[in-house]
Amino acid sequence: MSKYFWLLFLLFFCIHFTNAQKDTTIVKQPNQKSFLSKTVLPVTLIVAGSLYSGTQSEKNVQVDVRNRVGNTYHNGADDYIQYIPFAQVYIGDIIGLEAKNHWFDQTKNMVFSSVGTGIIVHSFKRLIGKERPDGSSNHSFPSGHTSNSFVGATVLYHEFKQSTPVYAYSGFLISSATGGLRVMNNRHWVSDVVAGAGVAILVTNLVYHFEPLKNWNPFKNSKNVSFYPDYNGEQFTFTAGYKF
């Protein structure tokens, strides 16, 4: 396996582990985390990805990655593992981990974050028109798979960082693996996945900061309603249930 997969994997993990050290005081004093501190990390990733995009160094890295894994290499796992962090949020609820929010509020935050991230990512794809490494289209920058996965990972982080830090950060490992596979599969350049991660983290952090529709939760006082993920072998869906 290419060393660049592990470099990307460790890059995102180290970034968030470093950020975790800043959050150690949040458990006791959550109001001290400023709006600015929630934007520094993702904006840095977006700027770094933008500056690195299209450089000769990036092109050389892509050639090196494909030479190492093989020019016919393709691993379709990235189409599926991008959804694991989303499922982890509900799995945490099911197994009894203490979350920050009710499942309905978690879902609201997921929807707002996913829609906001999707709009930004796909707008950039069409506006910038960067060609994919495999030449299949001009919608390379930023990476949609990576941004989608990092939305789930960031929601997971916000929900469980205070009660179960290891579990909260595990989603970033999955998301980093998704980004790494996008590069190895020759579908994206390194800058695409870095910027995609930045957009997702930024949007999700802002959603958790402003908490849109904070007081709207028709299920908050109901203990009979459940909501859980389901995987049928091809795609993830979410099922709601009511206990009579």
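Let me begin with a term: a residue is called buried when its relative accessible area is under 20%, exposed when that area is over 50%, and partly exposed in between, with a 1.4 Å probe and protein chains only. By that rule Ser175, at 0% relative accessibility, counts as buried.

Before going on, please keep in mind that this is a predicted model, in which local features need pLDDT of at least 70 and side-chain atom pairs count only at pLDDT 80 or more, while totals for chains, interfaces and linings use all residues. Residues are numbered from 1 along each chain as its sequence is written, and side-chain values use heavy atoms, with hydrogens and water left out.

Ser175 is found in helix α8, where a helix is a DSSP run of H or I with at least four residues, numbered from the N terminus. Leaving aside neighbours within four places in sequence, Ser175 is in contact, meaning heavy atoms within 4.5 Å, with Pro85, Ser149, Phe150 and Ala153. Helix α8 itself covers residues 165-184, and its 20 residues reach 29 Å from first C-alpha to last, close to the expected 28 Å, which is 1.5 Å times one less than the number of residues. Of those 20 residues, 16 are buried, so that α8 is mostly covered. After α8 comes Asn186, whose phi is positive, near 65°.

Now to the rings. The structure holds 9 aromatic pairs, that is, rings of Phe, Tyr and Trp (its six-membered ring) whose centres lie within 6.5 Å, counted as stacked when the planes are under 30 degrees apart, edge-to-face when over 60, and tilted for the rest. One of them joins Tyr157 and Phe172, a tilted pair at 5.9 Å centre to centre with 55° between the planes. Because Tyr157 lies in helix α7 (residues 144-160) and Phe172 in helix α8, this pair ties together parts that are 15 residues apart in sequence. Tyr157 is buried at a relative accessible area of 6%, and Phe172 is buried at 2%. The rings of Phe160 and Tyr167 have their centres 5.6 Å apart and their planes at 85°, so this pair is edge-to-face; Phe160 and Tyr167 are both buried. Ring pairs also link Trp103, Phe104, Trp216 and Phe219 into a cluster.

Finally, is Ile120 buried or partly exposed? With a relative accessible area of 32%, Ile120 is partly exposed, and its place is in helix α6, residues 103-128.

Methods
Helix = DSSP H or I, 4+ residues; strand = E, 2+ residues; numbered from the N terminus.
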